[in-house]
Amino acid sequence: MPSRRILITAVYALGVLYGCVSSPKFTASRDIPADNPVATLEEGQASYYAEEFNGRTTSDGEIYDMNKYTAAHRTLPFNTQVRVVNLLSGKSLVVRINDRGPFKDDRIIDLSYQAAKDLELVGSGTTRVRLEVVRLGDTTGIPQHYAR
């Protein structure tokens, strides 16, 4: 039956073409627009680490530079960008997750020295913060700088 063969060929061709259509899951930007704030990821105590760790290797394989805007978080994927809001002063900035920690139960994030300085928590050592995801990092488990 020629009509059955044509139908099977057409269904097969449609299946192949459908497989070529990109999925929105993979083509959507990971950026979250500034005018569309995300829900709060979490609130809690932030701390920082500085001189004693400067130059050491972080969990994602980078060399820690206390003068960059980076941070350690227990579970967020590496290279995730997080807005950190100091709930006492109202100041905020964006850091990139490149390390694991903090290792004290009452803390939710360890900031680089520069980030802590700009958020005005160097004197006190800790402060209460809110974390918001700005851009989700690599979720495959392989740090992005290794994949290049």
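Tutor: The model is predicted, so local features need pLDDT of at least 70 and side-chain atom pairs need 80 or more, while totals for chains, interfaces and linings use all residues. Residues are numbered from 1 along each chain as its sequence is written, and side-chain values use heavy atoms, without hydrogens or water.

A contact here means heavy atoms within 4.5 Å.

Now the layout. The protein chain has 4 helices and 6 strands. Both are DSSP runs numbered from the N terminus, with at least four residues (H or I) for a helix and at least two (E) for a strand. Read from the N terminus, the order is α-α-β-β-β-β-β-α-β-α. Of the 148 residues, 34% are buried. Buried means under 20% relative accessible area, exposed means over 50%, and partly exposed lies in between (1.4 Å probe, protein chains only).

Strand E3 covers residues 81-86 and runs antiparallel to E6, with 6 bridges between them. Two strands pair if DSSP finds at least two bridges between them. Arg-83 has Glu-132 in E6 as its bridge partner. E6 (residues 127-135) is also joined to strand E1 (residues 42-49), again antiparallel, by 5 bridges. There, Glu-43 stands opposite Arg-130.

Now zoom in on Thr-80. Thr-80 counts as buried because its relative accessibility is 0%. Two distances describe its side chain. A polar atom of that side chain lies 2.8 Å from the backbone oxygen of Pro-77. The side chain of Thr-80 also reaches the backbone nitrogen of Gly-137, at 2.8 Å.

Who else touches Thr-80? Leave out residues up to four places away in sequence, and the list is Val-95, Arg-96, Ile-97, Val-133, Arg-135, Leu-136 and Gly-137. Val-133 and Arg-135 fall within E6, residues 127-135. Val-95, Arg-96 and Ile-97 fall within strand E4, residues 92-99.

Check its backbone. Most residues other than glycine have a negative phi, and most peptide bonds are trans. Asn-79 is not a glycine, yet its phi is positive, about 70°. Asn-79 also counts as buried, because its relative accessibility is 13%.

Compare Glu-120. Its phi is positive too, near 60°. Glu-120 lies in the loop between helix H3 (113-118) and E6. With 47% relative accessibility, Glu-120 counts as partly exposed.

One more backbone feature deserves a look. The peptide bond from Gly-101 to Pro-102 is cis, with omega near -5°. Pro-102 lies in the loop between strand E4 and E5. Pro-102 is one of the residues that Ile-108 touches. Ile-108 belongs to strand E5 and is buried, at 11% relative accessible area. Its other partners include Glu-43, Ala-72, Val-129 and Leu-131, again not counting residues up to four places away in sequence. Ile-108 also brings us back to Thr-75: the two are 33 residues apart in sequence, and their C-alpha atoms are 10.0 Å apart in space.

How values were computed:
A polar contact is a pair of N or O atoms within 3.5 Å; within protein, one must be able to donate a hydrogen and the other to accept it, and residues adjacent in sequence count only if both atoms are side-chain atoms.
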